[in-house]
Amino acid sequence: MAKITHGLATSHIPAIGAAIDLGKSEEDYWKPVFAGYDWTKDWIKNEGKPDVVILVYNDHASAFDMNLIPTFAVGCAEQFKPCDEGWGPRPVPIVEGHPDLAWHISQCLVLDEFDMTMINQMDVDHGLTVPLSLMFGQPDAWPCKIIPLAVNVVTYPPPTGNRCWALGEAIQRAVESFPEELNVQIWGTGGMSHQLQGPRAGLINAEWDSRFLDRLVGDSDELRHVPHIEYLRETGSEGIEMVMWLIMRGALGEKTRCLHRHYHVPGSNTAVGHIVLEPEE
């Protein structure tokens with residue numbers, strides 16, 4: 001059967017993608033940001049390469065807009081092209097999907113009473129492609145299949161942390177009922193603390209971010225009960241993206257161990273966070 005073997009989480013800052021694409025990753029400003037991903041890139045290349053990644057991200061008004069706002073959407077297509085976010089598509093490979101597993105997960109989740117939206121045609125933005133670049137570098141083709149899982153954290157109301165954690169638990173059950181033997185990873189993206197507008201623009205709460213990373217490890221499920229208002233108060237209007245990390249955490253079972261962790265301020269106008277987890281039996 002298929003199995004979720006690891007969970008990764010990372011910020012998906014668009015400026016990181018630009019730094020990679022423009023060859024600026026070794027500049028003094030960006031070097032400490034990218035250094036925190038060296039361990040993961042080496043680990044994936046040598047021992048942690050997945051067959052499939054379920055990549056949890058949020059669309060930034062590229063595939064969806066105010067006319068269509070799915071809370072949870074699963075990409076079930078064969079391919080997903082990088083979209084044009086205003087300065088041309090990123091020069092990265094086309095994302096190859098895994099329709100069989102994606103449809104299986106969708107069916108299982110609906111029967112598990114999650115109201116999923118299934119997408120058969122969708123371009124993907126930096127929320128999905130920047131994490132791929134951080135983990136895989138700049139290959140001619142991504143080295144595994146990708147199932148996009150888009151979450152609405154842009155327009156209120158977003159899903160609660162508890163709902164996201166429960167969705168992760170349901171995804172774990174769905175993956176483990178798929179008959180093909182597959183090494184599956186689940187990635188949560190977005191965050192960490194940041195606010196892009198208003199009088200608190202530029203807010204970064206390193207102390208809260210650090211405690212959030214702490215609480216992803218071990219057997220505590222405290223994070224699933226953090227209310228929206230705490231994310232807004234402590235981490236800024238865009239900090240709510242961190243609920244997407246809880247889908248990843250929920251899919252890893254009751255207890256996790258940390259393999260790698262990275263945190264750096266600043267990365268553009270936000271904090272950069274990254275963690276690699278594995279289930280602890």
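Modeller: One term before we start: a residue is called buried when its relative accessible area is under 20%. Keep in mind that this is a predicted model.

Biologist: Okay. How many residues of helix α9 are buried?
Modeller: Eight of the eight, across residues 243-250. Helix α9 is therefore largely enclosed by the rest of the structure.

Biologist: Which ones are they, for α9?
Modeller: Val-243, Met-244, Trp-245, Leu-246, Ile-247, Met-248, Arg-249 and Gly-250.

Biologist: And what share of the 281 residues in the protein is buried?
Modeller: Buried residues make up 56%.

Biologist: Let's zoom out. How many helices and strands are there?
Modeller: Nine helices and ten strands. The radius of gyration is 17 Å, close to the 19 Å from the globule rule for 281 residues, so the protein is as compact as a globular protein of that length. The C-alpha atoms fill a box of roughly 45 × 40 × 40 Å along the principal axes.

Biologist: What about contacts between residues at least 6 apart in sequence?
Modeller: Of those, 80% join residues at least 24 apart.

Biologist: Give me an example. Where does Thr-189 sit?
Modeller: In strand β8, residues 183-189.

Biologist: Is Thr-189 buried or exposed?
Modeller: Buried, because its relative accessibility is 0%.

Biologist: What does the side chain of Thr-189 reach?
Modeller: The backbone oxygen of Val-56, at 2.8 Å. The Thr-189 side chain also makes a polar contact with the side chain of His-12, at 3.1 Å. Beyond its sequence neighbours within four places, Thr-189 touches residues including Met-244 and Trp-245.

Biologist: Switching topic. Where is His-260?
Modeller: In strand β9, residues 256-267. His-260 has a relative accessible area of 15%, so it counts as buried.

Biologist: Which residues does His-260 touch, leaving out those up to four places away in sequence?
Modeller: Gly-36, Trp-39, Thr-40, His-274, Ile-275 and Val-276. A polar atom of the His-260 side chain lies 2.7 Å from the backbone oxygen of Gly-36.

Note on methods
Residues are numbered from 1 along each chain as its sequence is written. This is a predicted model: local features need pLDDT of at least 70, side-chain atom pairs count only at pLDDT 80 or more; totals for chains, interfaces and linings use all residues. Side-chain values use heavy atoms; hydrogens and water are left out. Helices (H or I, at least four residues) and strands (E, at least two) are DSSP runs, numbered from the N terminus. The radius of gyration is taken over C-alpha atoms; the globule rule is 2.2 Å times the number of residues to the power 0.38. Buried means under 20% relative accessible area, exposed over 50%, partly exposed in between (1.4 Å probe, protein chains only). Contact means heavy atoms within 4.5 Å. A polar contact is a pair of N or O atoms within 3.5 Å; within protein, one must be able to donate a hydrogen and the other to accept it, and residues adjacent in sequence count only if both atoms are side-chain atoms.
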